[in-house]
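Please read the following paragraphs with the sequence and the coordinates open side by side.

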Amino acid sequence: MKITFRYTSQLSTAAGTSEETLEFPEETSLIGLLGQVCMKHGPEFSKFVLNQEGSPVRTLVVALDGAQVDLAKDPCVESGSEVYLITPMSGG
Amino acid sequence: MLTEEDRALYDWQLDVPGFGEDGQERLRNTTALVSRIGGLGGPVAFALAAAGIGKLILVHAGNLRKDDLNRQILMRWEGLGKPRVQSAAETLSAFNPRIEIEVHDENFKEENAADLVKGADLIFSCAPLFEERFLMNRECVRQDKPMIDCAMYNLDGHVLPILPGQTPCLACMFPESPPHWKRRFPVIGAVSALVANVGVMEGLKLTAGFGTSNLGKMMLIDADRSSINKIDVKRRADCQVCA
Ligand SMILES: [Zn+2]
């Protein structure tokens with residue numbers, strides 16, 4: 001299945017792109033997908049997404065098809081979905 | 001009632017559908033607090049002054065440095081080494097002397113938070129430190145004041161309009177400071193001005209009561225792809241600030 005990911009802020013820098021469409025062999029839950037994306041982009045990316053136990057970090061906001069997700073519910077993601085990963089920013 | 005001078009000054013925006021004399025009058029009777037007045041807060045204050053806000057409270061400690069000048073558009077070259085709020089007040093007064101301006105050469109902190117928020121109707125969160133942002137969020141929730149959170153990094157930004165008790169607060173979105181954030185980060189002045197002006201539009205719509213509300217949404221601005229995406233955001237049932 002194909003999923004489009006969008007990244008903001010430090011995640012976009014760590015991924016080297018603000019948007020990418022990735023192919024996954026089978027349907028999986030959101031946190032399962034995050035694990036696979038973290039594997040692809042390595043530790044400089046994954047430190048903004050998952051903690052050492054594999055749970056989402058508390059400052060990560062995830063939106064699925066335009067709506068923020070309750071990460072505790074770990075919803076299933078269907079092919080063609082768009083997953084937005086949002087990390088905090090500030091000013092200066 | 002608007003004066004003849006008000007009508008002359010704001011002639012081009014009085015015809016904006018839904019805004020009109022009523023919206024202009026509401027703006028004139030509004031005080032906006034802006035913390036701080038750098039890359040985000042500077043263009044926020046400038047756009048509010050241009051729109052005819054009644055009063056600006058500008059909060060920012062410290063003296064102007066050369067590396068501020070790529071984005072802090074209220075500043076002046078001759079202001080280098082002098083308080084930033086001084087440059088900002090001079091720039092805004094020269095631009096529109098009818099705007100009342102109150103400056104504080106200090107940052108938003110525990111000791112001044114309650115008084116600063118109390119004196120304002122609309123608050124813009126533009127500070128670099130998450131501690132300042134969370135404190136401002138907490139105080140706005142406590143006093144039930146609308147806050148527009150504006151933030152940036154590199155070519156990205158977000159704007160989150162917050163109506164306490166009705167929409168997610170900043171702590172609903174981000175319950176703690178991000179551990180990997182760095183105080184100095186890459187940004188171009190045009191990006192900070194873009195994000196700031198999206199934030200000002202939310203504040204103007206909220207205050208003057210016109211246009212399409214984005215309450216309950218976070219706007220994500222991508223200056224690389226020139227896109228603004230919106231996501232529906234949720235209040236956190238266990239939010240330490242607003243639940
Ligand atoms: Zn909250």
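A network of salt bridges links A:R6, A:E19, A:E82 and B:R225. A salt bridge here is a side-chain nitrogen of Lys or Arg within 4 Å of a carboxyl oxygen of Asp or Glu. Over all chains, the structure holds 27 salt bridges.

This is a predicted model, in which local features need pLDDT of at least 70, side-chain atom pairs count only at pLDDT 80 or more, and totals for chains, interfaces and linings use all residues. Residues are numbered from 1 along each chain as its sequence is written, chains are lettered from A and ligands numbered from 1 in the order in which they are written, and side-chain values use heavy atoms, with hydrogens and water left out. The model scores ipTM 0.96 and pTM 0.97. In chain B the average pLDDT (the predictor's confidence in each residue, from 0 to 100) is 97, and 100% of the residues score at least 70.

Three further charged pairs are in chain B. B:E4 and B:R7 meet through their side chains in a salt bridge of 2.9 Å, N to O. Helix α1 (residues 4-9) of chain B holds both; B:E4 and B:R7 are three residues apart in that helix and therefore separated by about one helical turn. Helices (H or I, at least four residues) and strands (E, at least two) are DSSP runs, numbered from the N terminus. B:E4 is exposed at 61% relative accessibility, while B:R7 is partly exposed at 23%. For these words, buried means under 20% relative accessible area, exposed over 50%, and partly exposed in between, with a 1.4 Å probe and protein chains only.

In the salt bridge of B:E139 with B:R138, the closest N and O atoms are 3.8 Å apart. B:E139 is buried at 2% relative accessibility, whereas B:R138 is partly exposed at 34%. The side chains of B:D232 and B:K217 also form a salt bridge, at 2.6 Å from N to O. B:D232 belongs to strand β8 (residues 227-232) and B:K217 to strand β7 (residues 217-222) of chain B, so this pair ties together parts that are 15 residues apart in sequence. Both ends are partly exposed: B:D232 has a relative accessibility of 36% and B:K217 a relative accessible area of 24%.

Two helices show how burial is arranged around an axis. Helix α2 (residues 30-41) of chain A has 12 residues and reaches 17 Å from its first C-alpha to its last, close to the 16 Å expected at 1.5 Å a residue; the expected span is 1.5 Å times one less than the number of residues. Its buried residues include A:L30, A:I31, A:L33, A:L34, A:V37, A:C38 and A:H41. Seen down the axis of α2(A), the buried residues fall within an arc of 150°, so they line one face of the helix. The arc is that of the directions from the helix axis to the C-beta atoms. After α2(A) comes A:G42, with a positive phi near 85°.

In helix α6 (residues 110-118) of chain B, the buried residues are B:N112, B:A113, B:L116 and B:V117. Down the axis of α6(B) these fall within an arc of 125°, so they line one face of the helix. B:E111, B:D115 and B:K118 are exposed on the other side of α6(B). The cover over the buried residues of α6(B) includes β1 (31-35), β2 (55-59), β3 (100-104), β4 (122-125) and α7 (130-143) of chain B.

Strand β1 of chain B also holds B:S35, which is buried at 1% relative accessibility. Leaving out residues up to four places away in sequence, B:S35 touches B:V59, B:F108, B:F124, B:S125, B:C126, B:A127, B:E132 and B:M136, a contact being heavy atoms within 4.5 Å. What is the peptide bond from B:S35 to B:R36, cis or trans? The bond is cis, with omega near -15°. B:R36 lies in the loop between β1 and α4 (41-51) of chain B.

Another loop of chain B, between β2 and α5 (84-95), contains B:D68, a buried residue with a relative accessible area of 3%. A polar atom of the B:D68 side chain lies 2.9 Å from the backbone nitrogen of B:R65. Beyond four places in sequence, B:D68 touches B:N63 and B:R84.

Finally, B:D144 has a positive phi of about 55° although it is not a glycine. B:D144 is in the loop between α7 and β5 (147-153) of chain B and is exposed at 55% relative accessibility.

Notes. A polar contact is a pair of N or O atoms within 3.5 Å; within protein, one must be able to donate a hydrogen and the other to accept it, and residues adjacent in sequence count only if both atoms are side-chain atoms.
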